[in-house]
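Colleague: Hi, could you walk me through this structure? I'd like to hear about the side-chain packing.

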Amino acid sequence: MFAAKSHTSRHYIAIVVMACLCVLLGGPSYAAGAESLIIAGATYCEPGVSGPGWAWTDADHLELNGYAGEAIGADGDLVLTLAGQNSVTESHAPDAGITLFGMEVWGNLTLRGTGTLTATGSQCGIHASQALVVDGCTVDARADGADITDEAVAGVIAGDMAVRGGGRVIAAGAGSGAGVRAYGVYLQDAGLGDGAAGCRLSVDASWLDAAGADGGVACTGGSLVSARFVTPAGGAFGASSVVDASGAVAPHVVVEPDVATPSTGETDGGEVPGDSTDKSPANATPAAGEPTTGPTANPALKPAAATTKTKTTATKTTVAKTTKPKTATTTTATLPKTGENCWIAASVALLLLGTVLLVAVRRC
């Protein structure tokens, strides 16, 4: 009798152990993605919701198709698929939960698809605390600096930025407030501990047009793959920004594909021809002509229309959102799934533990 009960107990223990292992091993599929989403003034904590022009299909995936509305924010990694023409503008509601930005993601952000996105805000058009990837789609991000003081203003603010797959990006920042620093693309560490690995720009056979009075592109380094600097002539990655041939910061930066460059090669701008008018066909680039002080126009990538501000306050004393504390993570342009390696290690350890328990139960 006792032996029979002991045998049954061992089976129960084995079943419980294996069930726990199965649950824990399945954990990584729920670990990644945004924890919450703010869109059109409302906050959502679970995917599977939708509205006019948008659908949050799962934790790390949002779809936009003809969306035109207030700011979009996400707490965690997000992949945004674009179809048709879409636009986001900062919210002016005091309780909106996200202000000064057209799009704000506290994590990695990937923009992809066949559509377009126009993002506008006072301080930033698009903000990603970690890596921003523009893959094949068209993006126009702008900040006008309205009521901003003592802050960096940019079309794009991110940790790293990569433009690939024939993507097209226009980014512009402006502002006249006291202490305002205006950039087209502003890449910063944002306290995430990335160090020298962060703040880098990569353009792979794609287009980028970035303009700001204090720098077209502010970054610590970067690479061009099958692409080249058109503006400034002889451009290169400096210690903190893209510079011209003399080493001065370039307020306007234009990168376009270079079909003469092998797809596996890279350049730091040293091989750029001195004549900036030697370009690919005009209908294949987002910018053409001589360098100017602002973004250039192109039928395939039109600049955003000027935004009329209705704010009545003369000044706005706000703390930059880029100081929001977040857990340190490693930033890469491939948008890694955070925490996945920890889950794998934990799963292996639990599997070994389950095996030991099974052997111990059998010996009893």
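Colleague: What should I know about the model before we start?

Modeller: It is a predicted model, where local features need pLDDT of at least 70 and side-chain atom pairs count only at pLDDT 80 or more, while totals for chains, interfaces and linings use all residues. Residues are numbered from 1 along each chain as its sequence is written, and side-chain values use heavy atoms, with hydrogens and water left out.

Colleague: How many aromatic pairs does a search of the whole structure find?

Modeller: The search finds 3 aromatic pairs. Rings of Phe, Tyr and Trp (its six-membered ring) pair if their centres lie within 6.5 Å; planes under 30 degrees apart count as stacked, over 60 as edge-to-face and the rest as tilted. Y44 and W54 have ring centres 5.3 Å apart and planes at 50 degrees, so this pair is tilted.

Colleague: Which strands do Y44 and W54 lie in?

Modeller: Y44 lies in strand 2 (residues 42-44) and W54 in strand 4 (residues 54-58), so the pair ties together parts that are 10 residues apart in sequence. Strands here are DSSP runs (E, at least two residues), numbered from the N terminus.

Colleague: Is W54 buried or exposed?

Modeller: W54 counts as buried, because its relative accessibility is 6%. Y44 counts as partly exposed at 24%. Buried means under 20% relative accessible area, exposed over 50%, and partly exposed in between (1.4 Å probe, protein chains only).

Colleague: Switching to the largest nonpolar core, which residues touch the most other members?

Modeller: Those are L109, L111, I126, L132, M161 and L208, out of 50 residues in that core. Strand 8 (residues 78-83) gives the most to this core, with 3 residues. A nonpolar core is a set of buried Ala, Val, Leu, Ile, Met, Phe, Trp, Tyr and Cys residues joined through side-chain atoms within 4.5 Å. Another core lies apart from it, with 13 residues, including C124 and V153.

Colleague: How far apart are V153 and C124?

Modeller: V153 and C124 are 29 residues apart in sequence and 5.9 Å apart in space, C-alpha to C-alpha. V153 is in strand 16 (residues 152-158) and counts as buried at 0% relative accessibility.

Colleague: And what joins the side chains of H252 and D209?

Modeller: A polar contact of 2.9 Å joins them. The term covers a pair of N or O atoms within 3.5 Å; within protein, one must be able to donate a hydrogen and the other to accept it, and residues adjacent in sequence count only if both atoms are side-chain atoms. H252 is found in strand 27 (residues 252-257) and is buried, with a relative accessible area of 4%.

Terms used: Helix = DSSP H or I, 4+ residues; strand = E, 2+ residues; numbered from the N terminus.
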